[in-house]
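Q: Could you walk me through how to read a structure, one feature at a time?

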Amino acid sequence: MQSTRRIVGGGCIYLACWGLRRLAPKLQGIFHRSNNSSATILGNLVPYKMAHTSPQPCLISPAQVVENLTYKDLIPAVEQGLGNFSKRNEEGGGGGIYPQRTMMKIEEHNGSVFVMSAFSPAGNVIVTKIINRYVDNTERNLPTHFGTIILHDARTGKSKAVMDAEHITAMRTAAASAVATKYLARDGWQTLAILGAGSQAVAHLHALKHMTTIREVRVWTRSSEKCQAFAQKFDVKACETAQEAVTGADVIATCTSSHTPVLESSWLKPSAHINCVGACVPWAQELGAEVMKKAVVYTDNTPGAYKESGDIVHSKVTVFAEIGEVINGTKEAKRDEITVFKSQGVAVEDAVAAKLVYDKVSVLKDMKS
Ligand SMILES: NC(=O)C1=CN([C@@H]2O[C@H](COP(=O)(O)OP(=O)(O)OC[C@H]3O[C@@H](n4cnc5c(N)ncnc54)[C@H](O)[C@@H]3O)[C@@H](O)[C@H]2O)C=CC1
Ligand SMILES: O=C(O)C1=NCCCC1
């Protein structure tokens with residue numbers, strides 16, 4: 001009797017499981033349409049994997065970034081972004097949300113990892129970027145900066161795209177310097193000196209050409225071989241010393257990984273403008289206290305610069321204004337004095353750049369389909 005009951009009971013359980021398995025795809029559809037979490041619970045009961053109905057973020061390759069980002073689009077977008085950034089503390093907000101980034105030092109590999117984020121109302125996007133600074137990669141024949149940007153829809157929080165950050169970082173940094181040059185260099189400037197010959201040097205050469213008709217570009221870097229190669233490739237003048245490059249230059253871009261000052265104040269014209277890009281960690285330095293104290297100092301992000309910029313930390317100077325405040329007309333542009341734009345890098349620049357790339361890639365994709 002007992003064994004008959006066991007057989008009947010077992011049979012019922014078997015039939016119930018069999019029925020549930022057959023019904024599961026239909027139930028899954030119903031639950032998925034009506035309530036996602038119920039469907040997940042059902043998914044735990046029956047061995048069926050839920051199909052994703054929403055598309056995954058699109059993956060944008062380095063080549064696609066290069067193809068789809070131009071300084072013509074980027075420079076005005078970065079200008080607007082930096083203006084918004086400097087409205088972040090205004091009553092009523094509206095300028096967006098920009099937390100200070102974190103920096104993690106990986107001592108044993110001489111690397112630094114920066115985690116940055118922003119909500120940019122221009123384009124209604126949220127961006128998160130991880131960018132790794134490994135200066136010893138030069139000896140490995142690798143880029144010194146690797147990173148990834150994730151672009152999210154600010155209305156829903158959905159991730160729209162994942163893209164390479166190397167090229168965007170170079171271009172948006174140079175675009176920010178171009179904006180600073182627009183406001184802080186003397187009108188009609190003609191001579192550009194670039195110190196360093198890496199990614200930022202190349203990007204600055206291209207971006208600054210959009211701001212005026214440049215008569216002469218001079219380059220200097222530590223390795224005379226690399227200096228010659230850069231000069232040949234871009235048809236500019238190679239200098240044997242930094243002094244030769246800087247003396248008499250209207251605009252200077254310091255784009256090195258140096259830990260000691262690369263120029264002296266006595267070399268500078270009374271109205272020279274310097275885009276100081278490199279010393280974005282407290283232990284690095286491109287400009288000495290003498291230069292910093294002689295100049296009117298502007299930043300992209302003043303609290304960040306006081307914390308992270310070796311040039312500001314070492315010289316203990318007081319920052320005059322953020323470039324965004326000059327853009328917004330709340331602080332003066334002192335064009336006739338020596339000016340320094342101390343660039344650290346802010347995520348709003350990545351947000352506007354990533355949005356430009358995403359929009360262009362999406363349009364092209366739609367045209368193909
Ligand atoms: N402000 C910002 O938003 C950003 C700043 N950076 C910083 O800008 C600097 C340049 O970046 P990349 O061009 O991408 O690097 P890179 O590695 O491509 O080029 C660095 C250049 O600096 C030169 N250099 C290194 N040590 C030097 C020294 N002691 N004296 C003179 N020249 C020296 C190298 O020869 C090379 O030409 C780095 O410090 C980087 O971390 C990078 C990205 C964004
Ligand atoms: O992307 C940025 O911003 C960076 N800032 C400091 C150095 C690494 C890149």
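This is a predicted model: local features need pLDDT of at least 70, side-chain atom pairs count only at pLDDT 80 or more; totals for chains, interfaces and linings use all residues.

Q: In what order do the strands of the open sheet of six run?
A: Helices (H or I, at least four residues) and strands (E, at least two) are DSSP runs, numbered from the N terminus. Two strands pair if DSSP finds at least two bridges between them. Here the order is S1-S6-S5-S4-S3-S2, with mixed pairing. Strand S1 (58–60) and strand S2 (102–106) are the edge strands, each pairing on one side only. From one strand to the next, the twist averages 15 degrees, with angles running from 0 to 180 degrees between N-to-C directions of axes, which are lines fitted to C-alpha atoms (for helices over the stretch in contact).

Q: How many bridges join S5 to S6?
A: Strand S5 (residues 145–153) and strand S6 (residues 159–164) run antiparallel, joined by five bridges.

Q: Which strands does H5 lie across?
A: H5 lies across strand S4 (125–134), S5 and S6, and runs at about 85 degrees to S5. Contact here is for two residues whose C-beta atoms, placed from the backbone, lie within 7 Å.

Q: Is aspartate 187 buried or exposed?
A: Count neighbours: a residue is buried if 20 or more other C-beta atoms lie within 10 Å of its own, exposed if 12 or fewer, and partly exposed in between, with C-beta atoms placed from the backbone. Aspartate 187 has 7 other C-beta atoms within 10 Å, so it's exposed. You'll find aspartate 187 in the loop between helix H5 (166–184) and strand S7 (191–195).

Q: Which way do the residues of S14 point?
A: In strand S14 (residues 339–342), Thr339 and Phe341 point one way, Val340 and Lys342 the other, and all are buried. Strand S11 (residues 273–276) pairs with S14 in the parallel sense over four bridges, and cysteine 276 stands opposite lysine 342. Strand S12 (residues 296–299) and S14 also pair in the parallel sense, over four bridges, with valine 296 opposite threonine 339.

Note on methods: Residues are numbered from 1 along each chain as its sequence is written. Chains are lettered from A and ligands numbered from 1 in the order in which they are written.
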